[in-house]
Amino acid sequence: MLPAKEAESIILGLVQPFDPKLDAEIVELSAATDRILASPVTSQLDFPHWDNSAMDGYAVRHADAKSCHAEQPAVLEIIEEIPAGIEPQHTVQPGQASRIFTGACMPKGADTVVMQERTRREGTRVFILEAPKPQAFVRHRASFYQAGTPLLQPGIKLNAPEIAVLAAAQCTTLSVYRRPRVAILSTGNELVTPDQPLQPGQIVDSNQYALAAFVALAGGIPVPLGIVRDEPEALKKAISQAITTADIVLSTGGVSVGDYDYVDRILAELGAEIHIRSVAVKPGKPLTVATFLPSSVSPLEKGRSTRSVLYFGLPGNPVSALVSCWRFVQPALWKLSGLPQETWQPIFVQARSHHDLHSDGRRETYLWGRLQLDTNGVYEFHLVGGSHSSGNLINLAQTTGLAVVPVGETLIAAGESVQVLSVGSLLGRASS
Ligand SMILES: Nc1nc2c(c(=O)[nH]1)N[C@H]1C(S)=C(S)[C@@H](COP(=O)(O)OP(=O)(O)OC[C@H]3O[C@@H](n4cnc5c(N)ncnc54)[C@H](O)[C@@H]3O)O[C@H]1N2
Ligand code: MOO
Ligand SMILES: [Mg+2]
C-alpha cells in the first residue's frame, strides 16, 4: 500500500496537461464562464481609452483654482457641458471651466476635476470653494493598462472579473481549453438504475450519478457509460469503449480481492500499464491507477489522443469512490485541464476539531463532516454523526471537509488542531 502523498505524486506525474494548440477550442464570450484560457490575450486599446473624469463636477485648469478657498473662491466661466459619450468641442482657457460628468472625456486645456460638492453654481459661472489637488479626479489614458502589453495569461479560469476584462477589450470570441472527457463505468451484478424496482440483494448504482456530478463540478464533461456486469468479456468491451472516448476513465467496483473483482486483470489484458493498486488511506484503499498508451487507443480517435488515457479503478463503496475522487482524481483532472500548478493540489487547512477523531492508525484516515469558519475567522471541523462506514453514503450529504488522521495516530482529541481537506464550495478554488 502506497502512502497517500506518494500516490498523489505518481498520479500527477502521469498527467500531461492539455496542449494550447491541440486541445483548444474557440468559444463565444457569452459561453466562456468557468472555462480556462488557452492563449494569451492582448488588447489594442488603452484602458482608460482617454483621459476622463471620475466625478460629476467641473473640468478646470489647476492653476486657476490652486489657491482658492471658501472665503475667496475661484470664479470660472462655464463654456461647455460634457456628458459621458460626447466628445468635448472646446478648449478650456484660463478663467474657464467645463461642466463634466463621471466617465466623460476631459476637454483640452483642463487638467483637474473639481467635484460638484466643492462648488457653487451661479448661472454660467462656477465658484470653486476648495483648492483641488493637481490632476484630481482625472483617470488618465492607459493608466490601467497599456495597449499591446499582456492582458490575460493562459491557464486562468474565466470568472466574472476576467469576463468583464474580455468584454471591455472587445474579445467576443476566445480560445479556451476543451473540457476533459471523463468516462464513467459502474461495475457490479447487484446494480440497477434508479428507476428500476429493487429485487432482493440489488442496490441502485449511485456511483454513476455521484461521479458524473463530481466530474461536472470539477470542470470536466461526464460521459456516463452505465452499468457493466462483473463478467470479464463485458468488462473488456466496456473498458475498450471507454478508453476510445475519454481522456480519463473512472470505473467503480471490482478492484479488491473478491472472486468477482476483475478490473485489474482486464486492464492488464488490454495492455494497460498499472501504476498503483492500493493506497494506505481509509476509505479508498483499493485504488487502481493505470495508463493506456495512445497507440492502444482506437485509430479513429488518434487525432485527439496524443496522450495516454488515464484510468482510475475506484473502489465500489460509495464513500470510498467519492473520497478517492476528491483526494486523487480532482488534482489529475485539474492538471490535465490546463490550470497552473499552484491550483492542482487538494486544499488542506488547519482546523480545530469539535469532536474526538478516531482511527486504527494503520491508514491515513479521512473522517467526513463540516468545515466551517467561526466568527473569529478560525476554521472548525464538526464530525458528522452516524456511521463512518465507507458504505454509508447517507451521512456524506453536506460534507465540506474530510478531517485527516495521519498514519500512526489513533486519536485527535476534541479541541485539538486537525488537517482538513476542503471538498465543498467553502474554499472553492479562486481563479488563478
Ligand atoms: N478480503 C478483503 N475484502 C475487502 C477488502 C480487502 O482488503 N480484503 N477491501 C475492502 C475495501 S476497503 C473496499 S473499499 C472494498 C472495495 O471493493 P471493490 O472495489 O472491489 O468493490 P465491490 O466489491 O464491487 O463493491 C464494494 C461495495 O460497494 C457497493 N457498490 C459497488 N458499486 C456501486 C455503485 N455503482 N453504486 C453504489 N454502490 C456500489 C457494492 O454493492 C459493495 O457493497 O472491498 C472491501 N473488501
Ligand atoms: O478502503 Mo475501503 O474504502 O476502507 O472501505
Ligand atoms: Mg469487491
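Which backbone atom is 3.1 Å from an oxygen atom of ligand 1? In this predicted model, the atom is a polar backbone atom of Val255. A polar side-chain atom of Asp261 also lies 3.1 Å from an oxygen atom of ligand 1, and a backbone N or O atom of Gly316 lies 3.0 Å from one. Ligand 1 is surrounded by 23 residues, the closest being Glu190, Asp205, Ser256, Lys285 and Gly316; a residue is counted if one of its heavy atoms lies within 4 Å of the molecule.

The second largest pocket has a volume of about 680 Å³. Of its 41 lining residues, Gly316, Asn317, Pro318, Ser320 and Ser390 are the closest to the centre. A pocket is here an open set of points on a 1 Å grid over the protein atoms alone, where a 1.4 Å probe fits, with protein on both sides within 12 Å along at least five of seven lines; lining residues have an atom within 4 Å of a point. The volume is the space filled by probe spheres set on the points, which are joined across faces, edges and corners. Domain 1 (4-23 + 178-343) and domain 4 (348-422) both contribute to the lining, so the pocket lies between them; the domain bounds come from an automatic or database assignment.

Residues are numbered from 1 along each chain as its sequence is written, and chains are lettered from A and ligands numbered from 1 in the order written. Local features need pLDDT of at least 70 and side-chain atom pairs pLDDT 80 or more, whereas totals for chains, interfaces and linings use all residues; side-chain values use heavy atoms, without hydrogens and water.

How values were computed: Polar contact = N/O pair within 3.5 Å; in protein donor to acceptor, adjacent residues only side chain to side chain.
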